[in-house]
Amino acid sequence: MELLANLSLGFSTALTPGNLLYCLAGVFLGTLIGVLPGLGPTATIAMLLPVTFTLPPVSALIMLAGIYYGSQYGGSTTSILINVPGEAASVVTTLDGYQMARQGRAGVALTAAAIGSFFAGTVATLLLALFAPPLAEFALNFGPADYFSLMVMGLLASVVLAQGSLLHAVGMVVLGLLLGLVGTDVNSGAQRFSFGIPELADGIGFVVVAMGMFGLAEIIRNLEREEDRTSAVTKITSLMPTKEDWKRMVWPILRGTAIGSALGILPGSGSILGSFAAYSIEKKVSKHSAEFGKGAIEGVAAPESANNAGAQTSFIPMLTMGIPSNPVMALMVGAMIIQGIQPGPSVMVEQPALFWGIIVSMWIGNLFLIILNLPMIGMWVRIVMIPYQHLFPSILVFCAIGVFSLKNTEFDVYFMALFGVLGYVFTKLDCEPAPMLLAFILGPMMEEYLRRALLLSRGDPMVFITRPISATLLALGVLAIIAASIPSLVKKREETFREE
Amino acid sequence: MASRNPKDLWTGIIYIAFGAAAIIIARNYGMGTAHKMGPAYFPVVLSVLLIVIGIISLVRSFIKPGTPVGKYAFKGLLLVTASTVLFGLIVRGAGLVIALPLLVIISSYASNKFSWKYSLTTAAVLTAFCILIFLKGLGVPLPVLGSWFGR
């Protein structure tokens, strides 16, 4: 069995004491920062990225993946305990999770989330191991035109999933692509938009943009509506679900896993779509649908499983084709490039130890998550309770030092501040920063593929339509946009996001 | 006729401004042709697209009514940004023992629950923590006391 051989190669990479330690450290740090209210996975990863730059590539990516699940789980914890979702994907968890907490069942809700996540993570890891190789092989057939269209599709999908106006989101994508081009043009060596500033020759760092738009802007936004947070619980009494709870959890976890895994693969989606879909489907099929919104355990188990499954399977397009499907994956791509690895189908062939090591470490990370988090829940509860006014200056300090340490220049600190202002203004105008960050990372790649595609076709733009793969991908992207602009669906889309 | 949707209006203006600025800056970069794209080709295509989106948003703001932008948190915006920039300006000269507490105290003033006692404690603890972790632990080349103190 090739799968077994691959997995055992993965285990031998992931199980070295060093990598195990980095995985554990990643999960721990991710959860620690993820439970701090107001910090989602994107900001968490951006903040912790500089720490991993000194590590060897495998360890760095293993640690980053750990940080990702950790912060996502941390976001679920805050959803349940204080009704503050860490990120869009755990928004639905607040609906029933917080209600359960108010009924004194916070521990049970957390256990349901943890067990659902672990099961979903295990299944999704297996799916990843099964589907990544054929997909990577298929991706080897991709020409430059196909890659270009794939990126267009991914960006259009991220537009559909963004909150607010579609038009604004498309604009954010274009603006992101444009900002991504700042610096030296790899082809001609010409300096573009760098204003003669030497620090801009390598372009604007993606960590700088991410920390500004997701870290700083978020702080300013939180200060706007500063209010007393009331936690539903000060102490977790019982973690153990009752027999009845177990029975009610099984199917939601299974369905959530299936839905989340399938939707997570879609570019632009990640785990958001999965958790929303899993919740609404569960509400329809459940025998206890009247209890939804009032503390139904299904309403926690299903979206949490979907959310984690999606987080896992969103690695598939990133690892096999080098195309990030959400801002977190975009940061991972950026991290890989900094480590000297060009993400794409060749990674699996050329660096099998790295590829399989990461996949296996995902499962190990999920295992750590459950071992680490349930016993340590008391500590997380206490961290959740830290008042925001003491918290945000510390976030600011870590952002400032982190950004400085990237290239040891204060210049990046100024730029982070600039993007903080920009990010804040844009959110005020209903322009979501997530599609912009994705486009920012894809900008230079897209230009390169466009250039190559048109060079091969002698300047004929029809190449994007005559190549079947490219045409299919473009059609899918356009279809997604059309579907999102149909009036009845527009209403539905707005409702979905309003649940926040 | 007045604009009925300030969010669309301002987004339109910002997009058009970015697009126009990019085209003006890129005018000397060399367009090339579709076959042999010059450094200006892709940026100009994107800028034109951005301007078109900006114009649609602008026009739409006069047709479709929308919600107001809402109050800006100027105090938070100003203090958070200013303290971050100040940190960048003085961190090499003054060193971390001065730059970090200033960053903490100025930014925490943005909260309407500001208290001297707490922000001074946070500043002290964070500064010690950062010097230990980032400087000693991770080797970030930042001075504890900067060049202004003759070191």
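The buried residues of helix H1 of chain B pack against two elements of chain A, H8 and strand E2 (191-192), and against helix H2 (41-63) of chain B. In this predicted model, H1(B) covers residues 6-26, and its 21 residues reach 30 Å from the first C-alpha to the last, close to the 30 Å expected at 1.5 Å a residue. Its buried residues include Trp10(B), Ile14(B), Tyr15(B) and Phe18(B), as well as Gly12(B), Gly19(B), Ala22(B) and Ala26(B). Lys7(B) and Asp8(B) are also buried.

In total, 52 residues of chain A are in contact with 59 residues of chain B. On the side of chain A that touches chain B, the elements giving two or more residues are helices H8 (166-180), H9 (206-224), H18 (388-407), H19 (410-428) and H20 (433-456). H18(A) gives the most, with 10 residues. By class, this side of chain A has 32 nonpolar, 10 polar and 10 charged residues. The model scores ipTM 0.93 and pTM 0.85.

H19(A), one of these helices, can be checked for its length. At 1.5 Å a residue, its 19 residues should span 27 Å, and because the end C-alpha atoms are 28 Å apart, the two values agree. H19(A) is followed by Asp430(A), which has a positive phi near 70 degrees.

Elsewhere in chain A, helix H5 (residues 91-102) and helix H6 (residues 106-139) are in contact with each other. Two packed helices are described by the angle between their axes and the distance between the axes. Here the axes of H5(A) and H6(A) come within 7 Å and cross at roughly 145 degrees. H5(A) contributes Gly97(A), Met100(A) and Ala101(A) to the contact, and H6(A) contributes Ala106(A), Val108(A) and Ala109(A). Five of these residues are nonpolar, one is polar and none is charged.

Pro57(A) is found in another helix of chain A, H4 (residues 57-82). Pro57(A) has 18 other C-beta atoms within 10 Å and is therefore partly exposed, since a buried residue would need 20 or more. Leaving out residues up to four places away in sequence, Pro57(A) touches Gln339(A), Ile341(A) and Leu354(A). Asn307(A), by comparison, is 250 residues from Pro57(A) along the chain, and their C-alpha atoms are separated by 27 Å.

Returning to chain B, the domain assignment gives domain 1 (6-63) and domain 2 (74-149). The centres of these domains, taken over C-alpha atoms, are separated by 39 Å.

Leu79(B) is found in helix H3 (residues 74-94) of chain B. With 19 other C-beta atoms within 10 Å, Leu79(B) is partly exposed; the cut-off for a buried residue is 20 or more. Apart from its neighbours within four places in sequence, Leu79(B) is in contact with Ile106(B), Ser107(B), Tyr109(B) and Ala110(B). The C-alpha atom of Ser108(B), 29 residues from Leu79(B) along the chain, is separated from that of Leu79(B) by 8.3 Å.

The confidence of the prediction bears on how these details are read. Where pLDDT is low, the predicted coordinates should not be read in detail. Chain B has a mean pLDDT of 87, and 98% of its residues reach 70 or more. Within chain B, confidence is highest in H2(B), at a mean of 93, and lowest in helix H5 (residues 116-137) of chain B, at 86.

Key
Residues are numbered from 1 along each chain as its sequence is written. Chains are lettered from A and ligands numbered from 1 in the order in which they are written. This is a predicted model: local features need pLDDT of at least 70, side-chain atom pairs count only at pLDDT 80 or more; totals for chains, interfaces and linings use all residues. Two residues are in contact if their C-beta atoms, placed from the backbone, lie within 7 Å. Helices (H or I, at least four residues) and strands (E, at least two) are DSSP runs, numbered from the N terminus. Ala, Val, Leu, Ile, Met, Phe, Trp, Tyr, Cys and Pro count as nonpolar, Asp, Glu, Lys and Arg as charged, and the others, Gly among them, as polar. The expected span of a helix is 1.5 Å times one less than its number of residues. A residue is buried if 20 or more other C-beta atoms lie within 10 Å of its own, exposed if 12 or fewer, and partly exposed in between; C-beta atoms are placed from the backbone. Axes are lines fitted to C-alpha atoms, for helices over the stretch in contact, and angles run from 0 to 180 degrees between N-to-C directions. Domain bounds come from an automatic or database domain assignment. pLDDT is the predictor's confidence in each residue, from 0 to 100.
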